[in-house]
Amino acid sequence: MTSLTILNTVLAQTVQAVSDTIAAANNVVAASGQQIEQTTNELSVWSLCLKGGFIMIPLAVLALLSIYVLVERYLAIKAAAKEDDTFMKRIRDYIHEGEIDSARNLCRRTATPYARLIEKGISRIGRPTTDVQAAIENVGNLEIARLEKGFPWLATAASGAPMLGFLGTVTGMVEAFFALASAGGGANISILANGIYEALVTTVAGLVVGIIALFAYNFLVSRVNNVMTQLEAKTMEFMDLLNEPVN
């Protein structure tokens with residue numbers, strides 16, 4: 001056999017080997033793609049929640065509690081912030097005309113925080129100005145405290161949910177490494193990987209609940225601050241009203 005024939009044979013075998021290698025690689029890639037696609041399709045939010053373990057139960061409770069407080073307090077604060085543009089004008093007319101009972105009845109019918117402040121101020125008419133203002137401020141503090149009912153739960157969820165998530169992750173990691181050690185000679189990376197990703201589910205859930213609670217808390221606080229500004233404005237307007245000369 002000539003050298004040229006031998007060279008051609010070697011080249012042909014090399015090309016065939018390369019072709020076989022490329023085909024095998026393509027098969028591996030295709031199989032991996034199918035496996036990844038299957039895993040992706042099977043990985044749902046509900047299945048992840050189930051893999052989080054018992055820590056997901058208190059996290060779910062905190063999430064529901066945060067949403068409930070957000071909705072309930074938002075509606076209550078929205079109702080408290082509702083304002084009647086003619087209210088103070090009618091109060092002024094009643095007081096200047098000496099119809100104190102009519103002014104108080106108007107406050108009761110309005111049934112808003114600022115109306116209850118004005119009603120308390122009306123009940124103190126005739127006393128020193130400092131006593132009137134002190135009485136109004138006391139009622140204002142009670143109204144704000146009433147509007148902030150439930151806020152401690154949001155603060156607790158905002159700070160406690162991430163901590164519960166980290167606790168679940170730590171306990172999950174302990175279980176994962178225990179399973180890896182118990183496998184002995186049959187241990188492989190899939191055992192550890194499954195345990196780790198299941199453990200991290202609680203961290204994700206804790207952070208999600210904490211973020212929801214934190215944003216809800218800050219949002220509601222800003223709404224309460226708006227109501228406080230409204231109450232202060234009504235208080236100042238009422239105190240000025242007491243010092244107005246009667247026409």
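Q: Which residues of H6 are buried?
A: The buried residues of H6 are Pro113, Tyr114, Ala115, Leu117, Ile118, Glu119, Gly121 and Ile122. Buried means under 20% relative accessible area, exposed over 50%, and partly exposed in between, with a 1.4 Å probe and protein chains only. Because 8 of the 11 residues of H6 are buried, this helix is largely enclosed by the rest of the structure.

Q: What sort of model is this, and how are residues numbered?
A: This is a predicted model, in which local features need pLDDT of at least 70, side-chain atom pairs count only at pLDDT 80 or more, and totals for chains, interfaces and linings use all residues. Residues are numbered from 1 along each chain as its sequence is written, and side-chain values use heavy atoms, with hydrogens and water left out.

Q: How many helices and strands are there?
A: The protein has 9 helices and 0 strands. Helices (H or I, at least four residues) and strands (E, at least two) are DSSP runs, numbered from the N terminus. Of the 247 residues of the protein, 28% count as buried.

Q: On to H5, then. Which of its residues are buried?
A: In H5, which spans residues 100–110, Ala103, Leu106 and Cys107 are buried. Seen down the axis of H5, they fall within an arc of 100°, so they line one face of the helix; the arc is that of the directions from the helix axis to the C-beta atoms.

Q: And what is on the face turned away from that buried side?
A: That face of H5 carries the exposed residues Asp101 and Arg109.

Q: What covers the buried residues of H5?
A: The cover includes helix H4 (87–96) and helix H6 (113–123), where contact means heavy atoms within 4.5 Å.

Q: Which residues meet between H5 and H6?
A: From H5, Ile100, Ala103, Arg104, Cys107, Arg108 and Thr110 meet Tyr114, Ala115, Ile118, Glu119, Ile122 and Ser123 in H6. The residues of this contact divide into 7 nonpolar, 2 polar and 3 charged. Here Ala, Val, Leu, Ile, Met, Phe, Trp, Tyr, Cys and Pro count as nonpolar, Asp, Glu, Lys and Arg as charged, and the others, Gly among them, as polar.
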